Amino acid sequence: MKENVITAIRQVITDMMNKVMEKVLVTDPFIPEKHHSSKPLYAALVPDEIFKGSHFERRFVTPFGNAWEQLAVAAGSAYHGYCKQGIDIEGTVGDESLRRIQEVLNKLEHSTKNARKQKPNWNDELTYVIAGGGNPIPVSVTCDLLINNSQTGKKYAFELKGPQPNSDQTKVSKEKMLKLLSMNEHPVDYAFYALPYNPYGKRENYAWSFPGRWFDMKNDPCVLIGDELWDLVGGEGTYRLFIDEINKLGISYKEKIYKDYLGIEPPKGFDKKLLK
């Protein structure tokens with residue numbers, strides 16, 4: 001199973017990088033003469049190499065915009081048997097539960113004359129919302145990621161965001177998660193707010209403030225950061241496998257970019273492993 005996960009991770013990164021290299025070297029290379037013609041002032045003041053680098057960056061960033069999702073799908077499919085992006089889940093939620101969801105979100109976002117903004121507490125909030133019930137109202141929620149374990153039958157929904165998400169998208173994620181878990185049909189067993197890595201190191205040191213309005217990022221059980229996410233998606237040790245594979249591939253692609261794209265020899269220390 002571990003080898004399947006490694007192969008899946010390697011395949012995703014290799015496919016994406018090969019497409020980028022094909023574009024910048026063959027189908028859409030940087031042409032100095034074209035740059036000089038279209039931007040003569042820039043070309044007169046700034047070395048071509050600077051714009052050659054930005055040419056590469058633009059063709060790299062777009063396809064890698066959903067790299068985390070593709071890696072999660074690859075690892076989740078290899079480990080659980082089923083993992084898909086952008087799955088629509090339909091069901092019904094009681095009207096009182098829907099009202100309570102908005103109440104919870106409003107109290108987290110706004111203070112009133114009689115009370116300050118509440119602090120997030122996932123377990124208490126979820127219990128309160130589910131207890132509402134009421135007349136069933138049709139609801140549709142699109143999951144960033146959905147896993148269905150082929151052996152246990154357990155279903156896991158994920159709101160997968162970058163490591164420093166903004167407040168508005170986090171609010172939307174919380175609303176979606178509360179709706180999913182209060183659906184009368186129980187379409188998923190778990191819903192998580194997940195960040196692919198932690199720029200602050202340990203979870204207790206996570207310090208990006210915006211999602212903290214909606215989740216207790218250090219204590220809420222529905223929050224997964226870094227290794228917590230990858231070990232659930234791909235099995236124990238997947239985060240370390242992920243880091244090791246990216247660093248290995250990075251060395252070979254960096255060398256190729258230096259030599260074939262920039263036309264220079266790699267500098268000393270280029271093969272240092274940067275992802276930790």
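Entry 1: I began with L45, which is exposed at a relative accessible area of 65%. My cut-offs were under 20% relative accessible area for buried, over 50% for exposed and partly exposed in between, with a 1.4 Å probe and protein chains only. L45 sits in helix α3, residues 40–45. Helices here are DSSP runs of H or I with at least four residues, strands are runs of E with at least two, and both are numbered from the N terminus. Together with L41 and Y42, L45 makes a nonpolar surface patch of about 360 Å² accessible area. I took patch members to have over 30% relative accessible area and no salt bridge, joining nonpolar side chains (Val, Leu, Ile, Met, Phe, Trp, Tyr) within 5 Å and like charges within 9 Å. The areas come from the Shrake-Rupley method with a 1.4 Å probe, and for residues only the protein chains shown count as cover.

**Entry 2: ground rules.** This is a predicted model, so I note that local features need pLDDT of at least 70 and side-chain atom pairs pLDDT 80 or more, while totals for chains, interfaces and linings use all residues. Numbering runs from 1 along each chain as its sequence is written, and side-chain values use heavy atoms, with hydrogens and water left out.

Entry 3: Most residues other than glycine have a negative phi. H186 is not a glycine, yet its phi is positive, about 50 degrees. I found H186 in the loop between α8 (167–182) and β4 (190–195), and it is exposed at 61% relative accessible area.

**Entry 4: salt bridges.** How many salt bridges are there? I get 17, counting a side-chain nitrogen of Lys or Arg within 4 Å of a carboxyl oxygen of Asp or Glu.

I looked up E245 and R10, whose closest N and O atoms are 3.1 Å apart. E245 is in helix α10 (residues 238–262) and R10 in helix α1 (residues 2–27), so this pair ties together parts 235 residues apart in sequence. E245 is buried at 6% relative accessibility, whereas R10 is partly exposed at 32%.

Next came K176 and E159, which meet at 2.9 Å, N to O. K176 belongs to helix α8 and E159 to strand β3 (residues 155–160), so to speak distant parts of the chain, 17 residues apart. Both K176 and E159 are buried.The K256 to D260 bridge has its closest N and O atoms 3.0 Å apart. K256 and D260 are 4 residues apart in helix α10, separated by about one helical turn. K256 is partly exposed at 33% relative accessibility, and D260 is partly exposed at 44%. I also noted a network in which E96, R99, R100, E103 and K107 are joined by salt bridges that share partners.

**Entry 5: the largest pocket.** Which residues lie nearest the centre of the largest pocket? They are F60, F64, I246, G250 and L275, out of 23 lining residues. The elements giving two or more residues to this lining are α1, α4 (48–61), α5 (67–80) and α10, and α10 gives the most, with 9 residues. The space inside is about 650 Å³.

For the record, a pocket is an open set of points on a 1 Å grid over the protein atoms alone where a 1.4 Å probe fits, with protein on both sides within 12 Å along at least five of seven lines; lining residues have an atom within 4 Å of a point. Points are joined across faces, edges and corners, and the volume is the space filled by probe spheres set on them.

By type, the lining divides into 17 nonpolar, 2 polar and 4 charged residues. I counted Ala, Val, Leu, Ile, Met, Phe, Trp, Tyr, Cys and Pro as nonpolar, Asp, Glu, Lys and Arg as charged, and the others, Gly among them, as polar.
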